[in-house]
Amino acid sequence: MPETQELTINMGPQHPSTHGVLRLVLNLDGEIITKITPDIGYLHRGIEKLAEDMTYAQFLPVTDRLDYLAAVSNNLAYCLAVEKLLGLEVPKRASYVRVILTELSRIASHLVWIGTHALDIGAYTPFLYAFREREDILDIYELFCGSRLTTTCFRIGGLPQDIPEGFVEKVEKFTKIFPKKVDEYEALLTKNEIWLRRTQFVGIISAEDGINYSLSGPSLRGSGVKWDIRKAEPYCVYDELEFDIPTGRGIGDVYDRYLVRMEEMRQSCKIVQQAIAKIPDGDFIATAAKFVPPPKERVLTDIEALIHHFKLVVEGFKPPAKEVYACIEAPKGELGFYIVSDGSNKPYRLKIRTPSFANLQSIYKMIEGGMMVADAVAIIGSLDIVLGEIDR
Amino acid sequence: MKINRVISSIIEFIRGLSVTFWHLFVPSVTLQYPRQRWTVSDRYRGLERLAVDEEGRERCVGCCLCAQMCPSNAIKIVTGEGKDYNKEVISFEIDIARCLFCGLCVEACPKNALSMTGEYELACYNRAGMIYTKEGLYKSPDVTRYKK
């Protein structure tokens, strides 16, 4: 018998199926992975440190650069954290629009996921179809805030502007056609023999392990844990909307995580439909002269408003000295902002709990049990990681 | 058992193909970009521009709020003394290589002098071309470098 030895190879950082610049060091026994070591940090921009030298309002555009596929969710989590710090009440109208836009961002993020995940495994068509629908969502963003990817969609206290003309119609049109499109993706993949063989019983993680490895979001729900922050600790107006939490078959493999995300897209669509019908009238941003700049018309005509405006832009507001943590159910899992304020106009420390970073560590567990190199690609795809969020 | 799986896989194969087949008759959604253009929304955040008032005077008073607000320090303003003890804006530069196009500067402007246009084709061959001075920003945007 010839003597064999383990082979150590690099996968990435410039590997298309590592979804960015993730480097994996694989120890291989033949084609079977014996050990996997993720190496992160290739996209480190020091975002948490940057926050310490910016006022609270200035930091908002930087949060777009965390999970760049769902920038709106990042904006929401940050705004909620600062609002919690200030004790600011957000108008109902703003909350409803926030829910609509974040749910659309969930759909957009999942569409990129289904496109790239299927592409990694070898199905090219869903990628084209998914990006076609994503384009409609980006058009809605462009209509609302003027930008497609790095949206800077919300402001502390509400929205930057009221919803524009044609916004409601455009969202309604999208929600009407979208469920049929999900059926289309499912027709291509869900029962396809190749898809089943590549995803079923690959990268299994049990519910208990998932919790211990601090998995969150669809990746945890794929293991059968009914945990969703939108239900557990409702923020915005999620307690007024009806939706289900899909959990898949309860095995916790790649296929389960796929099923969960597909169903989540339908549920998100349902949430958007309900929310768009319920948008109440009223203000789109809170009235709080000490924290929120007054409306532009007032600034141009009223000296008091102008003084407040100058004060807020030049030095920002000074929140009370305390610590807050606010989290939301982002497309990838629990996204939280932990802000330590020392009473000055800049955060003393800002820690971002990003879902991709926490989810990636469960790859140690998923790779157990004789997974092959090709399975590693499927597992990374099913975790739906974004490196902008991991390295920050 | 095995034969069932073979049959079902053939059915699913045909079902998948039928989806792609019907897409042959769906109109194409791709835009032939440089030849075809899409109209950007009214709120599009493209290249910044400075405005003049009804009498043709510069609206910008050099308060530097936009420069203060900018998260990436893309705006540089130099002010000095002008006629009749008035403050004068000597230079106003936006480095769009640093610009995030977040629109915070527009919100910060207390004179409605700064706004954002629908201009998005801002690529150029050197870094110097990325810096827009006062003269360029007061003119209506004419920066499209693509020639047919």
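1. Sheet in chain A. In this predicted model, strands of chain A form an open, antiparallel sheet of 3 strands in the order S1-S2-S3. Strand S1 (7–11) and strand S3 (32–39) of chain A each have a single partner strand and stand at the edges, so one side of each has no neighbour in the sheet. On average, and with direction ignored, neighbouring strands of this sheet are turned by 25° against each other.

2. Pairing of S1(A) and S2(A). Strand S2 of chain A covers residues 23–29 and pairs with S1(A) in the antiparallel sense over 5 bridges. Among the residues involved, Asn10(A) has Val25(A) in S2(A) as its bridge partner.

3. Helix on the sheet. Helix H16 of chain A (residues 373–383) packs on this sheet and touches S1, S2 and S3 of chain A. The direction of H16(A) makes about 145° with that of S2(A).

4. Cysteines. The count over all chains is 0 disulfides. For Cys153(A), the closest cysteine sulfur is that of Cys145(A), at 4.0 Å; a disulfide requires the two sulfur atoms to be within 2.5 Å, so this distance is too far for a bond. Cys64(B) is likewise in no disulfide, and the nearest cysteine sulfur, in Cys63(B), is 6.6 Å away.

5. Accessibility of these cysteines. Are Cys153(A) and Cys64(B) buried or partly exposed? Cys153(A) has 0% relative accessibility and therefore counts as buried. Cys64(B), at 26% relative accessibility, counts as partly exposed.

Technical notes
Residues are numbered from 1 along each chain as its sequence is written. Chains are lettered from A and ligands numbered from 1 in the order in which they are written. This is a predicted model: local features need pLDDT of at least 70, side-chain atom pairs count only at pLDDT 80 or more; totals for chains, interfaces and linings use all residues. Side-chain values use heavy atoms; hydrogens and water are left out. Buried means under 20% relative accessible area, exposed over 50%, partly exposed in between (1.4 Å probe, protein chains only). Two strands pair if DSSP finds at least two bridges between them. Helices (H or I, at least four residues) and strands (E, at least two) are DSSP runs, numbered from the N terminus. Axes are lines fitted to C-alpha atoms, for helices over the stretch in contact, and angles run from 0 to 180 degrees between N-to-C directions. Contact means heavy atoms within 4.5 Å.
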